[in-house]
Amino acid sequence: MNVNFVNRFSHRKTIVEMKIKTNHISAVILTGILATVSPLVVLAQLSPKANLDSATACYTSGRFADALGYYDQVLKNGKESYELYFNMGNTAFRLNELAQAVWFYEKALRLKPGDEDATFNLGLINSRITDKIDQVPLLFYERWWRSFVNLFPPDTWSMVSLILLSLTGASLLLFFQAGYMWQRKTGFWLSLTFGVLLVFSISFAWKGTQRIMNHNEAIIFATTVTAKSSPDASAVDLFVLHEGTKVGINDQIGEWLRIKIANGSVGWIKEKSLKRL
Amino acid sequence: MMILQGIDKIRTMGMTLSLTFLMLAFQVQADNVQFIAEAPQSVSVGATFRVVFTLNAKGDHFNGPDFKGFDVISGPNQGSSQSFQMINGNVSQSVSLSFTYLIRASVAGTFEIRPAKITSNGKELHSNSLQVTVSSSGVPQGNNGQQGQGQGRQQRQSSDNQASEGTIDGKDVYIRTIVSKTNPTVGEQITVTYKIYTRVGLSNLNLTNLPNISGFWSKDLLESQKQLQQSTETIDGQEYITAEVRKLALFPLKSGEVTIPPMEMTVVAQVKSRKKSRVRDPWFDAFFNDPLFNSSTQAVEVPLKSNAVTVNVRDLPAGKPADFSGATGNYSLSGKIDRTQLKANEAINLKITVSGTGNLEMIDKLPITFPPDFDTYDPKVTTNINKGVTISGSKTFEYLIIPRNAGSFTIDPVKFVYYDLSESRYKTLSTDKFEIEVAKGDGTQANISYSGVDQKDVQYVGNDIRHIKLPPFSLKDSGIQFFGSLNYLLALAGIVMVIIVVQILMYKRRKALGNTGLMRLKKATGVARKRLKKAGIYLKSGSETEFYNEISQALWGYLSDKFQIPLAELSTESVNDALNARKVNQELIDAFTETLQNCEFARFAPGDKNANMEQIYTQALEVISRIERELR
């Protein structure tokens, strides 16, 4: 009995010691975790892939501000993609930064025009922003043109144009070199068709690229901004826009931008109240 | 009636004493038969009084008057009494017969009570007639307060004058309506008590008019009580026996002035009627006129009416929550679920209990939102009310719910809104939420029928953005577009170069291989056309030989080049075969061979060659162009 008791006692002691040890170890691990968690300190050293993984983890656990920080780090590393902008849009929306979210989704849609998810989310946010602007209806050929441009990202259209060029060349070879009339005829018609398609694909690729490179659209970031009739602070107030509204930019005089909204109204606002896409 | 007990005791004592005297009496005195009517001289309208006809002998065939101007409430009530008197050994017996009417004066004025008749010892006797003045100045009996008291005093004076008693005044017995609070808020409990106060013995309490209280939800607090609880109270120095006849808990339903109507009842009061002893003996007078002995009581029916009370009900303050259903008081809420893990098609019992003080019965079904796939039934409601000074208790709603599909479900917290009277504000109580885990049913339930799938449109209950794209996904350098980039331009130029190079190479290779046939084929039409042109010139200049030579060479050469037949092998037959092989029209083949033959014939045969030159020229042109068209 007595011996037993002593044994048990000593056993307990070792357990306590072990606990202290593990505590120490876990404290070290904890500081390590803390260091990785605080974004500002360690972010720069992480690879874009690691950043994306951390951002996803943060997003799913509801720490949206941290997630946005990680995503931003990827952007700052000079990388971009449709998915990145889409995720940033989601994160901004969760943080209730509607203008930011619109900007990111628009950006995502530039890289992958007509994407269903981004269009859906953007539609949802557009229903929550203040300004509701009726779109001027497009003519049928404009609609077709736009839907063709949006069919593929500009890079894909560029690839398509290269393929079409090759096909046109092959058809021309057939036309010039074939021995028989029907072969030459086929060659002729094929080269004509591929040629026309080539011209279109180049146009689409050009248009899509233009949209990305020109930055002639923007999202209003100021809570409210008044569009003026001329690039002058004392000019007549025309209309008031709120954050999250998309505008087109036609012209620039100094810090003043000539903007056009979806219903066709034109006015001048200062550049600082918006962010170009 | 318990009230009467004390008084009864006194009376029995008196009786016992009288009987003692009876034992000693032997002499019977019977003289001076008198038939007297007694009534108060003046009463007020609505007062109840007694008219007594007394005969101091035996008699029968009583015939009462018609009491014009009065209402006979009861009567004639016959009463008889015998008394024996022994004075200094002389025992005298007196017999008296009385007929009592209980009469109410309904109209003001002076009325005569006609004499009554009775037969005694074979003689018809007439009583005296009486004059009764009914004054309208009085207040109906049964009212309490100063006026009633004054009236009572006046009445007593008059009855004293007349030397007869037998009326009941408003000070002897009355009912009062007591309201615990005259300015409650809507839904706040007030207690209304109808209380009877009496100084005389009462029996046969009979409610004639139960007040119909509208504008309230009422609860009888004395419902379970079989007997009236009596107590004593001292008012203005007078000791009263009191009892609560009716006690109600009232909950106002609407704001504004509401009158609680008076209660009306009749009671039978035991009224002492002291008779003047005719024996003028100072000692006996003093002894027998003492109420203790001379208190023969008589029952008088008295109508009573309580006072009406006006209650000013205040409305509930503004800012009623949407779920407020009118519950006022002080409550607590509890929710209990019998199980949270079960299989589909099994039943769950959810109990929601509201307990506390206030208008519990006003609490309606509590709003509960069950998951859409649950079958629910109307709750079983159990109300348990304790009637104390304030109404308290509990109300239980028992819900039977049957989940039909597996899954995890949540029943949102049940909310109950009430107006807290002590804190004067609206309060919301809520239970915990109930999480229910439903496993798949084993299908043993007999009452499941698969009679087709109940299809519904997809229900959209929320709206949210779509989830983020999960890595890995490709990233590219920003700001760089493939279109217009150097790579693109190089690729473009490369493809163009390749095409051109291939074109040139193929051309050169064919030339190097000396594929003349191909070249000849390409040139056939051109050569034939050149020859025909030349022939045209010769036709104009009229040189026959050169003309035919050119036409012939054009035709033969065309065929040779076109069908790649060496000139040596050319003949009409071989031409025919070659054209047939290309599926040229037979008529055209014939036209071609004919033209060839015509040409050969004109070339070598003598005669007027000029005449045919024109014809052959057009023939040759037509045939070549037709074959060219056919072969295309």
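Q: Two residues are in contact if their C-beta atoms, placed from the backbone, lie within 7 Å. Among contacts in chain B between residues at least 6 apart in sequence, what percentage join residues at least 24 apart?
A: This is a predicted model: local features need pLDDT of at least 70, side-chain atom pairs count only at pLDDT 80 or more, and totals for chains, interfaces and linings use all residues. Residues are numbered from 1 along each chain as its sequence is written, while chains are lettered from A and ligands numbered from 1 in the order in which they are written. Take the contacts in chain B between residues at least 6 apart; the share that join residues at least 24 apart is 75%.

Q: How many strands does chain B have?
A: Helices (H or I, at least four residues) and strands (E, at least two) are DSSP runs, numbered from the N terminus. Chain B has nine helices; its strands number 31.

Q: What percentage of chain B counts as buried?
A: A residue is buried if 20 or more other C-beta atoms, placed from the backbone, lie within 10 Å of its own; it is exposed at 12 or fewer, and partly exposed in between. Chain B has 632 residues. The buried part is 26%.

Q: Which residues of S30(B) point to one face and are buried?
A: Strand S30 of chain B covers residues 434–439, and its side chains alternate.

Q: Which residue stands opposite B:Thr410 in S30(B)?
A: Two strands pair if DSSP finds at least two bridges between them. Strand S22 (341–343) of chain B pairs with S30(B) in the parallel sense over three bridges, with B:Val438 as the partner of B:Leu342. Strand S27 (407–411) of chain B is joined to S30(B) by five bridges and runs antiparallel. Here B:Thr410 stands opposite B:Glu435.

Q: Which element supplies the largest share of the side of chain A that touches chain B?
A: The contact takes 39 residues from chain A and 29 from chain B. Several elements of chain A each supply at least two residues, including H3 (48–60), H5 (82–94) and H10 (181–214). The largest share, 11 residues, comes from H9(A).

Q: Which residue of S31(B) is the bridge partner of A:Glu80?
A: S1(A) is joined to strand S31 (476–477) of chain B by two bridges. The two strands run antiparallel. The partner of A:Glu80 is B:Lys476.

Q: How is H6(A) oriented to H7(A), roughly parallel or roughly antiparallel?
A: Axes are lines fitted to C-alpha atoms, for helices over the stretch in contact, and angles run from 0 to 180 degrees between N-to-C directions. The axes of H6 (98–111) and H7 of chain A come within 10 Å and cross at roughly 155 degrees. Angles under 35 degrees count as roughly parallel, over 145 as roughly antiparallel, 65 to 115 as roughly perpendicular and the rest as oblique. So H6(A) and H7(A) are roughly antiparallel.
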